[in-house]
Amino acid sequence: MQRNRYLKAIGYLVIALSSLIMIVPFVTALFNSLKTYKEYTAVPPQWIPDSFQWSNYAEVLRLGNFGAYTMNSVTVAALSVAGALLSCSMVGFAFARLQFPLKRSLFVMVLGTMMIPPVVIIIPHFMIYNELNLLDTLTPLWLMEWLAQPFGIFLLRQAFLNIPREYEDAAKIEGCNPLQTYWKIYMPMARPSLATLAIFTFMGKWNEILQPVIYLTSNEKYTLPIGILSLGGQWFGNEQYMVAAALISLLPILLVFLLAEKYFVQNYANTGIK
């Protein structure tokens, strides 16, 4: 009994230290965003500002084209999430529940594409988008998510396999065709996995830098990450504005995670039980 208490205390201590390690950088960034330039560049560092400069955030929103950058990022992230959920769930359902020739071989081929480094396909994609006159538009940033990416296919296939087949049999008795079974039975029951895929897709697209840098050239088309980077020269001598802008860009990610946290945790709990 005493040994269990010691182990529990050690576990709580490890969790507390791990949480502290994760939180300290964010708290430091918050303090840096509220400093004057003199305090921001002070040596040795001044951890807590003498007075909080909340006006830094107002200046970020005033000086930068923040509204356009944010709308571009929201558009890309929303279309990417919608495309990923729809395409990956349909393909995952087909691999999990439908019968067709070479199903197993095709699934192995899909998983094999996960081993291809993303940098290998940058030039082919660029040439394709160039031929389609899609460069300097937001389309290349979300289009591929509508073509079912292998990670999402694998995730949702496993989720559909964990759903008892009796539900499908009951739907057939009620006269549902495969499309109705997919939409009315399997999609609602796979909400935890769908939420997990939505979070991963949103975070990946919201923070993406490489593809926007390659495909976008007009300032008004920039997404938020590269829009913030492009303002570095404008904020020379006020680098604390960059920290404030970066923190503002984190807010949508935190909001999405908080809204989907219940399903996200439930997905991993169900995986553990399985």
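Helices are DSSP runs of H or I with at least four residues, and they are numbered from the N terminus. The structure is a predicted model, in which local features require pLDDT of at least 70 and side-chain atom pairs count only at pLDDT 80 or more, while totals for chains, interfaces and linings use all residues. Residues are numbered from 1 along each chain as its sequence is written, and side-chain values use heavy atoms, with hydrogens and water left out.

Salt bridges were assigned where a side-chain nitrogen of Lys or Arg lies within 4 Å of a carboxyl oxygen of Asp or Glu. Six are found in a search of the whole structure. In helix 3 (55–63), Glu59 and Arg62 are three residues apart, about one turn of the helix, and their side chains form a salt bridge with an N to O distance of 2.7 Å. Residue burial is expressed as relative accessible area (1.4 Å probe, protein chains only): buried is under 20%, exposed is over 50%, and partly exposed is in between. Glu59 is partly exposed because its relative accessibility is 23%, whereas Arg62, at 56%, is exposed.

A second pair, Arg165 and Glu168, lies in helix 9 (residues 165–173), again with a separation of three residues, about one turn of the helix. The closest N and O atoms of this salt bridge are 3.3 Å apart. Glu168 is buried at 6% relative accessibility, and Arg165 is partly exposed at 36%. Both residues belong to a network of salt bridges that also links Arg97 and Lys172. An α-helix has 3.6 residues a turn, so residues three or four places apart point the same way. A further salt bridge joins the side chains of Lys205 and Glu208 at 3.6 Å, N to O. Here Glu208 is buried at 17% relative accessibility, and Lys205 is buried at 12%.

Nonpolar cores were defined as sets of buried Ala, Val, Leu, Ile, Met, Phe, Trp, Tyr and Cys residues joined through side-chain atoms within 4.5 Å. The largest nonpolar core has 31 residues, of which Val60 and Phe66 touch the most other members. Two or more residues of this core are given by each of helix 3, helix 4, helix 11, helix 13 (224–230) and helix 14 (240–273). Helix 14 supplies the largest share, seven residues. With contact taken as heavy atoms within 4.5 Å, and residues up to four places away in sequence not counted, Phe66 touches Val60, Leu61, Leu224, Ile228, Ala245 and Ile248. Another core, of 20 residues, lies apart from it and includes Ala148, Ile153, Phe160 and Met187.

Helix 8 (residues 150–161) has 12 residues and reaches 16 Å from first to last C-alpha, close to the 16 Å expected at 1.5 Å a residue; the expected span is 1.5 Å times one less than the number of residues. Its buried residues are Pro150, Gly152, Ile153, Leu155, Leu156, Arg157, Ala159 and Phe160. These pack against helix 4 (66–97), helix 5 (103–112), helix 10 (178–189) and helix 11 (191–206). Ala148 is located in the loop between helix 7 and helix 8 and is buried at 14% relative accessibility. Although Ala148 is not a glycine, its phi is positive, at about 65°.

Asp136 is placed in the loop between helix 6 (122–131) and helix 7 (139–142), and its phi, near 60°, is likewise positive in a residue other than glycine. Most residues other than glycine have a negative phi, and most peptide bonds are trans. Asp136 is buried, with a relative accessible area of 18%, yet has no salt bridge. The nearest side chain of opposite charge, Lys221, is 4.5 Å away; in this assignment Lys and Arg are positive and Asp and Glu negative, with His and the chain ends not counted. The side chains of Asp136 and Ser218 are joined by a polar contact of 2.5 Å. A polar contact is a pair of N or O atoms within 3.5 Å; within protein, one must be able to donate a hydrogen and the other to accept it, and residues adjacent in sequence count only if both atoms are side-chain atoms.

The peptide bond from Val43 to Pro44 is cis, with omega near -5°. Pro44 is in the loop between helix 2 (37–40) and helix 3.
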